[in-house]
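Let's walk through how the pieces of this fold sit against one another. Grab the viewer and follow along.

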Amino acid sequence: MKNLFTFLSVCFNVSFLAAQSNYTLSSIPGPKVDSLYSEIVGDDYRLLITLPFGFSPEKQKYPVLYYLDALGSSGMMNELAQIKMYSGSFDPVILVGLSYETNPMAYGQLRNRDYLPPINETDIAKGGDEFLQFIKSELIPYMENNYSADPENRGLMGFSAGGLFTTWAFKEEPSLFQKLAIISPSLWYDEAYLFEDEALLNAIKNADDLKVLITCGSLEGNTMVSHTDRLFELVQENKNIQSAKVIFEGETHGSVSTAAMARGLYFLYENQYKVFKKQGKAYYKAQAYAKSLEQFEMAFEASPRQVDENDRYNISCLYALTGDSDKAIQQLQAIANSGFNEYEYLLQDTDLNSLHEDERWEDLINLVKRNKETAVTN
């Protein structure tokens, strides 16, 4: 199994690089820029929209990640997402960065207006409630009507005051988003009242289909780190939430955002098939074959279309190692019927030793041998 992993991974890398021969950083398309006026807020918003390669709105609906503070982050977010989607490392997703049609000098004031939730009903200086209604009632319909956005797969990412807003938005509209990246959230706001807010506690308790990443930098101060830990502890109490926490060592509030936003993309949209396979290979190397098989089976179930010859061979090895000769032979037969011709690998792979006494083994290796002879003559 190890030899075949190496052999096929080398072949894959060569073919992948060949496919990339005309693909350079200069050819990565920048985000599409739309302008959307909000009747609710009474202001124009600048939308920086990253579309996946092969974007086909007539054929499918796409997950969407809405991320705040796009003024300083859209370049990194766009290029990272484009490259990873092109290589298949990320599932296809539309990114929508929110910014303003304004002078950058006024950016901070508008940001505070939108990201800070009102403290009470008489607090008209903070417009987080109106901004959330803009997202829900104007922005999301705009994306669903014009870009085939999937109404069942929305994400929200925010940093600092944006992280506060992301947490607060989940409290106010717990079913609006299915994925959250809460980065260095300013949970100290209004004496950290959110930790005692029953609506937030209930939203966390009742969440079902939710994926949450919570992060901050280790040098952001004790308050930020402790609040990050505390929020994560609350989220962890609900086992139906897929959650993770990252404390970035050596990062301050001013330096952590780029690393954390990149991690957020990985956590929320990394291709699950590849994640399961990676975990499966790690278990295989540790000789934890049953756990390795479990990961490969989850990969097959998560995305049957991504299963290839290499994967079928590897899972057949795991079935053989765990004593399921029927499924091992079944997977090997499938790739042999499709032209698999690595005859020497099949004979030498000790992972398959348990199959050598099976009455089906000889017919199988003879078929693979014929495949190789046919490939040589052609």
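Q: At about what angle does helix α3 run to β4?
A: Helix α3 (residues 107–115) lies across β2, β4 and β5; lying across here involves contact, meaning heavy atoms within 4.5 Å. Helices (H or I, at least four residues) and strands (E, at least two) are DSSP runs, numbered from the N terminus. Axes are lines fitted to C-alpha atoms, for helices over the stretch in contact, and angles run from 0 to 180 degrees between N-to-C directions. For α3 against β4, that gives about 115°.

Q: What do we need to know about the model and its numbering?
A: It's a predicted model, where local features need pLDDT of at least 70, side-chain atom pairs count only at pLDDT 80 or more, and totals for chains, interfaces and linings use all residues. Side-chain values use heavy atoms, without hydrogens and water, and residues are numbered along each chain as its sequence is written, from 1.

Q: Which strands are the edge strands of the sheet?
A: Follow the open sheet in its order, β1-β2-β4-β3-β5-β6-β7-β8, with mixed pairing. Two strands pair if DSSP finds at least two bridges between them. The ones that pair on one side only are β1 (32–38) and β8 (241–248).

Q: Which residue in β7 is the bridge partner of Ala181?
A: Strands β6 (residues 179–183) and β7 (residues 210–217) pair in the parallel sense over 5 bridges. In β7, Ala181's partner is Leu213.

Q: How far apart are the axes of α4 and α5?
A: Helix α4 (residues 128–146) packs against helix α5 (residues 161–172) at an angle of about 70°. Their axes are apart by 11 Å.
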